[in-house]
Amino acid sequence: MPLDSYLLRHATPEDLPALYRVCLKTGDSGQDASAIQDDPDLLGEFYVGPYVMLEPELAYALDSSEGPIGYLLGVLDTAKFNGRLERDWLPRLKKTHHDPVGDPAGWHGSDWVRHAVHHPFLRIPAALGPYPSHAHIDLLSEARGQGVGRHLMQTMMERLTELGSPGLHLQVSPKNKGAQDFYRGLGFDVLSSPDLPDDTLFMARRLGEPDGED
Ligand SMILES: CC(C)(COP(=O)(O)OP(=O)(O)OC[C@H]1O[C@@H](n2cnc3c(N)ncnc32)[C@H](O)[C@@H]1OP(=O)(O)O)[C@@H](O)C(=O)NCCC(=O)NCCS
């Protein structure tokens, strides 16, 4: 794979500004969210920061010669992670970002992320029981389409399998058809259950089993 020009390494707190930028540049269902978000860091503070700070052994930055160009973030036990998120990460964010009120039709900019900060989905639906781990991957456009994402997700699945996880789930925007195809190619299937929220797609696969290509 053409990873020669990239280096996958553990992410550190010093990486957060660059990784928040990657999050912003991929934050609109895989597309650049810069024109939508009025707070350029908030997506990253919610979707990236806690992984690097609370689960650093599974948080990776992908470096190019220009600096971080993507990230791969994993969580072994989502229920435990969500507890730490609620206790150790969200209180500060809740203090510094207001909870948007009123009709969501009137919200703008980063209001949906502000809402998520104040009303995060931390419950573990029964349908996710067999898949206790979860992950996120985002690459800037210049790193895409070269087999890098596949390699990184395989790395995460190997790491989680070594750590004893029986299964991995991911959340995908229903609009992000490209990512859905990408995950399907790695052996993930869409979960369908009345106890799952309907504004996001959950895809999952067992670990320690072939992804259809091996
Ligand atoms: C989704 C993403 C991680 C995929 O990584 P990538 O390096 O571009 O994907 P790869 O080159 O490793 O492709 C692996 C396979 O997935 C398929 N695939 C990847 N992106 C795809 C897309 N947008 N549409 C359809 N298929 C896609 C490839 O065709 C390839 O299939 P093959 O093995 O049959 O050849 C990356 O494109 C990305 O970060 N996109 C923007 C952010 C995003 O959407 N993140 C996911 C949020 S849930």
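So, strand 5 and strand 7 (residues 201-206): 6 bridges join the two, and they run antiparallel. Two strands pair if DSSP finds at least two bridges between them. As one example, G167 stands opposite R206 in strand 7.

Quick note before I go on: this is a predicted model, where local features need pLDDT of at least 70 and side-chain atom pairs count only at pLDDT 80 or more, though totals for chains, interfaces and linings use all residues. Residues are numbered from 1 along each chain as its sequence is written, and side-chain values use heavy atoms, with hydrogens and water left out.

Back to strand 5, residues 167-172. It's largely enclosed by the rest of the structure, because 5 of its 6 residues are buried. Buried here is under 20% relative accessible area, exposed is over 50%, and partly exposed is in between, with a 1.4 Å probe and protein chains only.

Strand 5 also pairs with strand 4: 2 bridges, running parallel. H134 has H169 in strand 5 as its bridge partner.

Okay, the ligand. Which elements supply at least two residues each of the shell around it? Strand 4 (133-139), helix 6 (148-162) and helix 7 (177-185) do, and helix 7 gives the largest share, 5 residues. There are 19 residues around the ligand, and D138, L139, G147, G149 and N176 come nearest; near means a heavy atom within 4 Å.

By class, the shell has 6 nonpolar, 9 polar and 4 charged residues. Charged is Asp, Glu, Lys and Arg; nonpolar is Ala, Val, Leu, Ile, Met, Phe, Trp, Tyr, Cys and Pro; the others, Gly among them, are polar.

For polar contacts, think pairs of N or O atoms within 3.5 Å. Ligand oxygen atoms sit 2.7 Å from a backbone N or O atom of G149, 2.8 Å from one of R150 and 2.9 Å from a polar backbone atom of G145. Taken alone, the ligand exposes 900 Å², and the protein buries 67% of that; those areas are Shrake-Rupley with a 1.4 Å probe.

Last stop, S34, in the loop between helix 1 (16-25) and helix 2 (42-47). At 32% relative accessibility, S34 counts as partly exposed.

How values were computed
Polar contact = N/O pair within 3.5 Å; in protein donor to acceptor, adjacent residues only side chain to side chain. Helix = DSSP H or I, 4+ residues; strand = E, 2+ residues; numbered from the N terminus.
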